Amino acid sequence: MVGESDAGVELAGNVELGPGADQGFASMMAELVRQNLQDDASKRDDFQRLKGRVCMVVEDAEVTITLAFGGGNLRVDVGTVGTPDLTLRATSEWITQMSLMEWTSVRQLTQNSPTARRLSRLFATPLKTLWISMGPIPTDGMARRAVAPVVRVLKHVDHRWLQRRFPDWKGQTTREIAGATREGKLHSHFNRRGATMVLPLSRLLSVV
Amino acid sequence: MSGHPFPSEAWTGAYADAVNGNPKYREAGKAWTHGSVAMVIAADPDRGLNVEKGMILDVNEGQCRGTEYVTGREAASVADFVIVATYDDWRSVIGGEIDPIKGMMQGRLKLTKGHLPTMLRFVESSRQLVVSASLVPTDFSRMEP
């Protein structure tokens, strides 16, 4: 649906622009969300779950916008509107880089043999601990062999939790973003609700 | 300063050479198969630009296969991606004074046609197109009517 009102311009169903937000960064973010929702069904889940206000400050461009999510709707306003649950502050370069972060999923990890072996080792440790409490002392190899079939089964299980994406810490951009955060080039402030928004928001805005 | 008038057919042709001579663009744009890009200068009668002028780059896999200098938004809209800005803003972009993405965030450059997520995915490629533009000998005091 496209239409204009005093409250702003409605872009497409559930993404709405506040007054004066029809250009620049505000309009870019609205368009990015709209196109990502069209292109990728998994982003629709994240969009539905997001609830709260995100303030994005692009320091070098001297632009601030507020994204207000709730009930499968988004309103984008210029400036800070309301009390943000999550504030992201960085230069235009880092804000753009955030959309380029690499992602992976448990399913993807199990498709990769070395990573699957690593997962087996990871799951084997708690199993070994449990095993010790029950009787004979197992070897690492025994524990890994016991867990390996589970990891193999994960490869073939089609569950959305296994497909849910999380940052791939091996990715170059993801590492650069982590470095920028440590060096204070990318600031984020959040309350409890904002903390739960970080991952779904990053997935929603991702273009990779 | 001697150079090609901006905008002009000659400048657009020289831009293609600059793009093809930029190894960083070749690398960054290697995966680009999403179509042509048009840089459109908004009409500005005070400057003698009564209609919009467009420079269309047929870019593919890190190469510029051809260019077209067109008049009017409609003619430029045959491109898959259309970016519109004023003469002064294009001048600032070409001069390296503003980064294209920062310019878009500030509303100085507008993507009026094209898939924004794709554009963002190739942000380095866009930067290298701008770097290539800065290498074209340009005479900003003249423009082709």
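A residue is called buried under 20% relative accessible area, exposed over 50%, and partly exposed in between (1.4 Å probe, protein chains only). By this rule Glu124(B) is partly exposed, with a relative accessible area of 38%, whereas Arg127(B) is buried at 17%. The structure is a predicted model, in which local features need pLDDT of at least 70 and side-chain atom pairs count only at pLDDT 80 or more, while totals for chains, interfaces and linings use all residues. Residues are numbered from 1 along each chain as its sequence is written, chains are lettered from A and ligands numbered from 1 in the order in which they are written, and side-chain values use heavy atoms, with hydrogens and water left out.

Glu124(B) and Arg127(B) form a salt bridge, their closest N and O atoms being 3.9 Å apart; the term denotes a side-chain nitrogen of Lys or Arg within 4 Å of a carboxyl oxygen of Asp or Glu. Because the two residues are 3 apart in helix H7 of chain B, about one helical turn separates them. Helices here are DSSP runs (H or I, at least four residues), numbered from the N terminus.

Over all chains, the structure holds 15 salt bridges. One of them joins the side chains of Arg203(A) and Asp46(A) at 2.9 Å, N to O. This pair links distant parts of the chain, 157 residues apart: Arg203(A) lies in helix H9 (residues 192–205) and Asp46(A) in helix H2 (residues 41–49) of chain A. Both Arg203(A) and Asp46(A) are buried. Arg75(A) is partly exposed at 26%, while Asp77(A) is buried at 10%.

The interface between the chains brings 15 residues of chain B into contact (heavy atoms within 4.5 Å) with 20 residues of chain A. About 1,500 Å² is buried between them, 69% of it from carbon and sulfur atoms; buried area is the accessible area (1.4 Å probe) that two parts lose on being put together, summed over both. In chain B, Met105(B), Leu116(B) and Leu120(B) lose the most area to chain A, together 41% of what that side buries. Helices H5 (100–105), H6 (116–121) and H7 (123–134) of chain B each supply at least two residues of the side that touches chain A. Across this interface the rule finds 0 salt bridges.
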